[in-house]
Structures are given as C-alpha cells and as structure tokens.
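These are my notebook entries on one protein chain. I set down what I looked up, item by item.

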Amino acid sequence: MSYFLCGSVAGMTATLAAHPLDVIRTRFVGQGKRKVYSSIVQSIYLIQRREGFRGFYRGLLPALLQTAPTSGFIFALYLHFQTMYRNLSGTSTTQAHSSPVESLVSGFVAGAAAKTLVHPLDVAKKRLQVQGFQEGRQLFGRFVYVDGFLHAMKEIYRHEGAGGFFKGYTPSMLKAAATTGYTFFFYERILRYLSNPLS
C-alpha cells in the first residue's frame, strides 16, 4: 500500500507542475490544416489572453484522477508482477536486484494494466483540454462542448457509447507499457550500478 500511496502523490505533484505543457501539446496535436498556434510562445500568449490562467489547467481534474491511480498502480503492480515473475522462473523472491528481463517484463505488464484501468479518464481529460479551441478543430467534424469532468463523461457516453471511453486505447496502452517497462529496466540497471559500481 505504501508503494501505491507514494506513487500516487508523486504522480499528482508532477501532473500539477506539468499540466500547462500537456494542454499546449494536446492543442498542437489537435490542430487541423488551419493552424491556430504557430509556436509554444504564441500558444501561451493566446491561451492566457483568451482563456486566462484557467485555460492552462483545462482537464486538470481527470488528469489528477487518472495520474494518481496510474502512478500508484504502476509501482504496486510492478512489485506484484516482479514477485510473480520470480515465482514462475524459480528466482529467489528476496534477491535485491531484478534481472534485465524481469524488470522489463514486469514494468511492461504493470504499465499496460495501469493504463487499461484509467484510459477512460485520459479520454475525458483530452476532451476538456480542447475546450476553448474550437477554431483549431473545425475540420474534424462536430465539436462537443463540455463544461466539466462529469459533463464530459456523460457526453462521451451519450454520443459514442461505452466504446468512446476507449478511443485510441491500443497505441496509448502500448506506449504506456513500453515507457513503464523501459523506465523500470533502466532504473534497476542504474540502481544496481550505483549500489556496486565495480561489479
């Protein structure tokens, strides 16, 4: 439980600090042929001028609701799958460092599982982040206006059904799995080197 809580708090803190950049990134990705933003500096200026400080934190609630359990699940599930891997491979469960394959596989499965649990929140977050950015989305079909997290969830279900909560799931899950697998792989390798640099 302590791994889940520590991971959750760390993830939420990082999200609060980096969320404005996530909003800007989402809007750059969401632009059609008609470009609204031509640079990061211009996007910051326009968001501040048109939407105020609040514009940089659109979608924050689902981002926090997504990040807290994701980060917590990743750390807790990594340890769980690491133990499972050791039991299945006959490796001692008390050894200090994991093998490269163990950390990669455990991290990959933990990342995929955590992303699966929270993907609907990611969809809602992105829908909220493009609010106030209608002119950049004109070539992408009907724009659905939402004014909060619960309203976004309701509108996704109303217009797209349960499948709407899993749009973009496969690439998103694969990215999360690979990122988490490689994060733990390099974390374990660096930790092992720093613990015993001459080994």
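**Entry 1: Thr67.** I looked up Thr67 and found its place in helix α3; helices (H or I, at least four residues) and strands (E, at least two) are DSSP runs, numbered from the N terminus. I note that this is a predicted model, in which local features need pLDDT of at least 70 and side-chain atom pairs count only at pLDDT 80 or more, while totals for chains, interfaces and linings use all residues. Residues are numbered from 1 along each chain as its sequence is written, and side-chain values use heavy atoms, with hydrogens and water left out.

Is Thr67 buried or exposed? Thr67 counts as buried because its relative accessible area is 15%; the cut-offs are under 20% for buried, over 50% for exposed, and partly exposed in between (1.4 Å probe, protein chains only). I then listed what Thr67 touches, leaving aside residues up to four places away in sequence: Gly11, Met12 and Thr15. A contact here means heavy atoms within 4.5 Å. With Thr15, the side chain of Thr67 also makes a polar contact, side chain to side chain, at 3.0 Å. A polar contact is a pair of N or O atoms within 3.5 Å; within protein, one must be able to donate a hydrogen and the other to accept it, and residues adjacent in sequence count only if both atoms are side-chain atoms.

**Entry 2: Gln66.** I moved to Gln66, which also has its place in helix α3, residues 60–89. Gln66 has a relative accessibility of 9% and therefore counts as buried. Which residues does Gln66 touch, not counting those up to four places away in sequence? I found Lys115, Val118, Leu121, Asp122 and Lys125.

**Entry 3: the chain as a whole.** I counted 6 helices and 0 strands in the protein chain. Of its 199 residues, 43% are buried. I recorded a span of about 60 × 40 × 30 Å for the C-alpha trace along its principal axes. Among contacts with a separation of 6 or more, 74% are between residues 24 or more positions apart.

**Entry 4: the nonpolar cores.** I searched for nonpolar cores, meaning sets of buried Ala, Val, Leu, Ile, Met, Phe, Trp, Tyr and Cys residues joined through side-chain atoms within 4.5 Å. The largest has 10 residues: Val118, Leu121, Val123, Ala124, Leu128, Val146, Phe149, Ala152, Ile156 and Phe165. Two or more residues come from each of α4 (100–129) and α5 (149–160). Helix α4 gives the most, with 5 residues. Apart from this core I found another, of 7 residues, including Ile74, Tyr78, Phe81 and Ala114. In soluble globular proteins, nonpolar side chains tend to be buried together.

Asp122 and Lys125 form one of them, with their closest N and O atoms 3.4 Å apart. Both residues lie in helix α4, 3 residues apart, about one turn of the helix. Both Asp122 and Lys125 are buried.

Glu160 and Arg127 meet through their side chains at 2.7 Å, N to O. This pair links distant parts of the chain, with Glu160 in helix α5 and Arg127 in helix α4, 33 residues apart. Glu160 is partly exposed, with a relative accessible area of 26%, and Arg127 at 26% relative accessibility is partly exposed as well.

Arg158 and Glu155 form a salt bridge whose closest N and O atoms are 3.0 Å apart. I found both in helix α5, 3 residues apart.

Terms used:
A salt bridge is a side-chain nitrogen of Lys or Arg within 4 Å of a carboxyl oxygen of Asp or Glu.
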